[in-house]
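The sequence and model are shown first.

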Amino acid sequence: MKHFNYILIICILTNVYISAPSNNTEKLDSLILQFKLTDNDSLKYAALRNIYTLLGTLDKDTVLMSWELLATYCEKEKYYLGAGYCYNNLARELRKAGEYYKSYENYLKSETYYKDIGDKRGLAGVYNGLGSLYADLEKPEQSFEHYIKSVQLYQEFKDTIWEGNVYLNLGGMLEEQDS
């Protein structure tokens, strides 16, 4: 019960801090420090999710630099779930910036970490991202292959919401191909 109370307090304080008006880069620095000082994997992952939310409000360069630094830190600390998560987010941001080769490299790093720790949910996200990357590169066969891998994994743990998102991505790719 004591551990649960600790987690609840951290979550409440983080949410109050994120919603309070101030400089977002200061908030980011604070969240990264919180992440680094936490020795509990559940709290570390929660901190990364909070960082993800905050990075949505910042400029592209800050976002890319932050994910790269966090991924490197997770590798150094042997926090492989975090490394997979950070590399996946870095890959997605690089894809959005049109840096396709770097995006591909980071998706592969994320895939490696998720495979090594057996995180199928993480792998499903990576395959969805690779499907989108290949769609952007107008490579429908590879895109289709990765979207289907993602769907199969989401079906395995009955995540119909993400399964539906992947089908939307797949439909968009097929519609583009027909145009």
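Asp 119 lies in the loop that joins α6 (100-117) to α7 (120-136); helices (H or I, at least four residues) and strands (E, at least two) are DSSP runs, numbered from the N terminus. The model is predicted: local features need pLDDT of at least 70 and side-chain atom pairs count only at pLDDT 80 or more, while totals for chains, interfaces and linings use all residues. Residues are numbered from 1 along each chain as its sequence is written, and side-chain values use heavy atoms, with hydrogens and water left out.

Apart from neighbours within four places in sequence, Asp 119 is in contact with Leu 81 and Tyr 114, contact meaning heavy atoms within 4.5 Å. Leu 81 is 38 residues away along the chain, and its C-alpha atom is separated from that of Asp 119 by 7.9 Å. The side chain of Asp 119 also reaches the backbone nitrogen of Gly 122 at 2.8 Å.

## Packing of α5 against α6

Helix α5 (residues 80-96) packs on α6 at an angle of about 160°, and the two axes are 8 Å apart. Axes are lines fitted to C-alpha atoms, for helices over the stretch in contact, and angles run from 0 to 180 degrees between N-to-C directions. This angle makes α5 roughly antiparallel to α6 (under 35 degrees counts as roughly parallel, over 145 as roughly antiparallel, 65 to 115 as roughly perpendicular and the rest as oblique).

The crossing of α5 over α6 is left-handed, that is, the near helix is turned anticlockwise from the far one by less than a right angle; clockwise would be right-handed. Residues making the contact include Leu 81, Tyr 85 and Arg 92 of α5 and Lys 102, Tyr 114 and Ile 117 of α6. By class, the contact of α5 with α6 comprises 13 nonpolar, five polar and four charged residues (Ala, Val, Leu, Ile, Met, Phe, Trp, Tyr, Cys and Pro count as nonpolar, Asp, Glu, Lys and Arg as charged, and the others, Gly among them, as polar).

## Packing of α8 against α9

Helix α8 (residues 140-156) and helix α9 (residues 160-178) pack at about 165°, with axes 9 Å apart; they are therefore roughly antiparallel to each other. α8 passes α9 in a left-handed crossing. Among the residues that meet are Phe 144, Tyr 147 and Val 151 in α8 and Trp 162, Glu 163 and Leu 170 in α9. The contact of α8 with α9 has eleven nonpolar, five polar and one charged residues.

Methods
A polar contact is a pair of N or O atoms within 3.5 Å; within protein, one must be able to donate a hydrogen and the other to accept it, and residues adjacent in sequence count only if both atoms are side-chain atoms.
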